[in-house]
Amino acid sequence: MNGGFSSLEEAVLCFYDSNNVHRPEAQKWLTELQNSPRIWSAIWDELLPSKHTQLQFYGATLLHTKLLKDWSEIPVQEYDNLKSKLLEAVVYFKDGPKVVLNRLCISLATFVLRITAPYWPNAVSDLISLFQNATLFQNVPNVSTESLSWLLLEILSVVPEEFQTILLSKNEKIFVRNSLEGDSLTVLSFLQVALTSSNYEIQLQALKCAKSWLEFGLPLENCENLLNLLINIVSLTYSNLETSQCSVNAIEAISILCAHPQIEKHPKTIISYLNKILLLADILNSSRDLPNDDFIPCLYTLFVTFGENHLLVLTNTLKSENRDSFLRLLCIILQCSGAPGHYPKDEVYSIQTFNFWYQLQDEILSANSDDKEIENLIKPYYRKLILILMQKSMYSNDMANWSREDKDTFRCYRQDIADTYTYCYALLNHELMDIITDHLEEAVVDPNIITEWQKVESYLYAFLAISENVICSENPKVLHCILLLEKLPLSNMNVQVSQTVMELLGSYAEWLCSVPELLGPVLSLTLTGIENSHLASPATLALKDIVRECKSVLLPFAQIIVDKTMVLLEKQHLKPTEESRLIYSFSTAVSLLPEEKVIECLDRVVTPYIKKVTNILVSPSSTCVTIKCAVANLGDVCCDLVPMIVDIVITTYNRNFENSILDLAKQLLLLFGNNPNCCELMSVMLKNICEMTLALFKNTTPENVSNHTSSFEHFYLFCTNVLKKNCKLLLNTEGIDHAALFRYAGFALCAQEVPTVKSAASFLCNVITISREQDTLLSIVQMYGAELVQLILIAIGKVSPRNCLEYVADVLVALSKKYCDWLSRWLNEILTPEGFPSSRATPAAKKRFIKSILREKANKRRVQDTTKEFSLLCRGILNKEYVEQTTSDL
């Protein structure tokens, strides 16, 4: 084709052929043609019966596009002609193709909305009258009253939808809405007739149309009969495969009606509607095997959303004669919560009730805080809910056969259950603990406990879930439940039970500090669990929590913990994170022992471990995390090991520029940077880190700084920390090229990554802030300040993403505060050349920018706003509308 098309049909068929290499050219050609006023005449040619479906679809789509975007091209005198053509086309395509008919109906709806305001104020009502007069379409073959009714419903369905998307002026929008609201009673009357039709297709389309107009807003006071019709349709159609789709659409329409924006003003209407929809409740008890799998979830959704939307009105009925309706609704929602089977394999709708139970308890406790009568009415439902949640949280026997996605979905579902337990506790308090205790007691003595382990695990999970809510000192049942753990045959049970036990012990660690007599068996349980690879993760986490929270009473058990953790560490069966937690527990416990014991234990555990790492240098990241953890807990006790640790830092960093190594170095500098015995070692380590990093940056320019963006980010975070914590060490260590540190930080301002720019800007701001009192830094700022300002302007005007600009602006603020005169000179000199930093920045704009920066030096926010605005100007996207809409979000 060579990019040329001999006809519209040729271009359209090419465009719809996904394998045609000329599709992009066809798209461009069609787009250009679409913008031409002469395309109007071609639209109707494409809708001729003889044309291919693709051409007809294109014609209908193009018609809709032109009506939306190019309405002004249509002369007023052509409106009637266009209306006639649209009506003829819609009626002609009543039997399909469906895609063409749908586009034509949308086009007609758009036309109606366009013409309503000035020329056709009762367009929808007139349209209904028009289609009810079948004689007007007698020239079209196969036209019947039923086919016209169905077609009218199709058109009416899309009118409210198009109203939401069409672009009209404010006054036009108001006029059209008023016109549609004026026609709504006519629409409602027509819908009520259509809903009683014996023709399934008409009834289904009427339901879809009802949903559309209910979303738009039918007058509430006229909708009671509509509700009755919808409920009747549900009752008549839900059990029949051929008509079951009607029942689902009817329920969805009821849900929309029950959420009418005006209904909250009419509490009596809410109660009346509740009584009506409760007529459908019996279906839930008699229809488990239905032809439509969507029906039961949809019906439960109706009840749950009704409860959520009208909770205030419903709770106010608890002291009136209408309470029974609300209490019955609670029973239905409980029934939904307890849907048979396992979520999400056997059912997918019980999850929707969690939010309702939260809202209900919140409403009861906040609005009726001193009303025990209402609480006593509601509590039985929450007690039943607890039993349901215990059942629903149980693992399935065939969980091993579940897909990874289903397992993860169930995990999230259990977390929702755990959250719901906490809401229940807010209302039930000790009663919830009593329920858990009773069930645990029964489970412990159950002879089938090993095979039916899911029960006890779910009870333990409930106990775990409320750990942050229960006041242990006021509830003796906590101690009772913990003691019951000793009776569980964990070694013979599914490992999931032990995992939950470990999590539970960790969650009650703070309470264990008040009952030190339990620490012996609890520690034995956790330390034994660490030996099992399946339990190591929760067990090491639990042990870490226990030793942290119980340190004040840990001394009698310190030697046991140290001995056991040393053995476990020597086995080397743990993952890095597990090992790190165990090192924490070891170091916390060992710090409680006499000094001679500490040295002995360190020599046994830490020293061989460090030597091994030094020789092998495997997994430096996890290694450094582990050593950092030990150093942080042991403090000055491990002073003798500092030379060896420093050697590890220097050696590993030379091979791997990893953040974990810098974190370890930062920890060493914090602990030993001012220690006279270690000061020289700290200087050596700091000098080596700086030298190695600056060597990595050697060939870096502002243009390629992103090649090492991660190294820039973490290195300048490290330097900023050192500058804040031990400025003298950084400035007085010989061999560190401070000028290079400053210059490369300036280069990093031109990076594309926010963390990198933020890190470099923070370093520069700190350097500039203290530089007036530090001769070394003062001379560097004097020498390279102009270069830094130039880089800042390049970042602002050319290269920095807009979400980086606030950090770049912070450096300008720092310079303005400390070096206002110099900054003024640098800005004027650097911005003088024409075209820098952008050809769009005029001399006047540059002067305004300089003036604003220097004037607002004490106002960080205004400097940031000025910087962002100047950046937008430089990039050619500054205009009033854009600034108003986006500057505040940058």
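## Stop 1: two helices side by side

Helices α21 and α22 run roughly antiparallel, because angles over 145 degrees count as such and theirs is about 150°. This is a predicted model. Select residues 430–444 for α21 and 453–465 for α22. Their axes lie 9 Å apart. The crossing is left-handed. To see the contact, show the side chains of M433, I436, H439, L440 and A443 on α21. Facing them on α22 are V456, Y459, L460, A462 and F463.

Now pick N429. This residue sits in the loop between α20 (404–428) and α21. Check its backbone: phi is positive, about 55°, although N429 is not a glycine. Is N429 buried, partly exposed or exposed? Its relative accessibility is 38%, so N429 counts as partly exposed.

## Stop 2

Go to α8 (residues 145–165) and α10 (residues 200–216). What is the angle between α8 and α10? They pack at about 20°, with their axes 9 Å apart. The two are therefore roughly parallel. The crossing of α8 and α10 is left-handed.

Colour the contact residues next. From α8, select E146, S149, W150, L153, E154, L156, S157, V159, P160, E161, F163 and Q164. From α10, select E201, I202, Q205, A206, K208, C209, S212, W213 and F216.

Stay on α10 and pick K211. At 17% relative accessibility, K211 counts as buried, because the limit is under 20%. Leaving out residues up to four places away in sequence, K211 touches N249, E252, A253 and I256.

## Stop 3: aromatic pairs

The next selections are rings. A pair of aromatic rings is described by the distance of the centres and the angle of the planes. Searching the whole structure gives 31 aromatic pairs. Begin with F697 and Y744, an edge-to-face pair. Their centres are 5.9 Å apart and the planes make an angle of 65°. F697 belongs to the loop between α34 (679–696) and α35 (709–725), while Y744 belongs to helix α37 (residues 738–748), so the pair ties together parts 47 residues apart in sequence. F697 and Y744 are both buried.

Y744 and F747 are both buried.

For a group of rings, select Y343, F354, Y395, W402, F410, Y413 and W453. These residues form one aromatic cluster.

## Stop 4: lysines over rings

Show K83 with W120. K83 lies over the face of W120, 4.3 Å from the ring centre. Then show K384 with Y381. K384 lies over the face of Y381, 5.8 Å from the ring centre.

## Stop 5

Pick A123 in helix α7 (residues 123–131). How accessible is A123, and does that make it buried or exposed? Its relative accessibility is 0%, so A123 counts as buried. Beyond residues up to four places away in sequence, A123 touches V112, T116 and D183.

Then pick S580 in helix α29 (residues 576–590). S580 counts as buried, because its relative accessibility is 11%. Which residues does S580 touch, not counting those up to four places away in sequence? They are V625, T626 and C629.

## Stop 6: cis peptide bonds

Finish on the backbone. Select G96 and P97: the peptide bond from G96 to P97 is cis, with omega near 0°. P97 is in the loop between α5 (79–92) and α6 (98–116).

Now select F836 and P837. The bond from F836 to P837 is also a cis peptide, with omega near -5°. P837 is placed in the loop between α41 (820–831) and α42 (843–855).

Notes. Residues numbered from 1 in each chain as written. Predicted model: local features only at pLDDT ≥ 70, side-chain atom pairs only at ≥ 80, totals over all residues. Heavy atoms only, no water. Phe/Tyr/Trp six-rings, centres within 6.5 Å; stacked < 30°, edge-to-face > 60°. Helix = DSSP H or I, 4+ residues; strand = E, 2+ residues; numbered from the N terminus. Buried < 20%, exposed > 50% of the residue type's maximum accessible area, 1.4 Å probe, protein only. Lys NZ or Arg CZ within 6 Å of the ring centre and 35° of its normal. Axes fitted to C-alpha atoms, helices over the stretch in contact; angles between N-to-C directions. Parallel < 35°, antiparallel > 145°, perpendicular 65-115°, else oblique. Left-handed = near helix turned anticlockwise from the far one by under 90°. Contact = heavy atoms within 4.5 Å.
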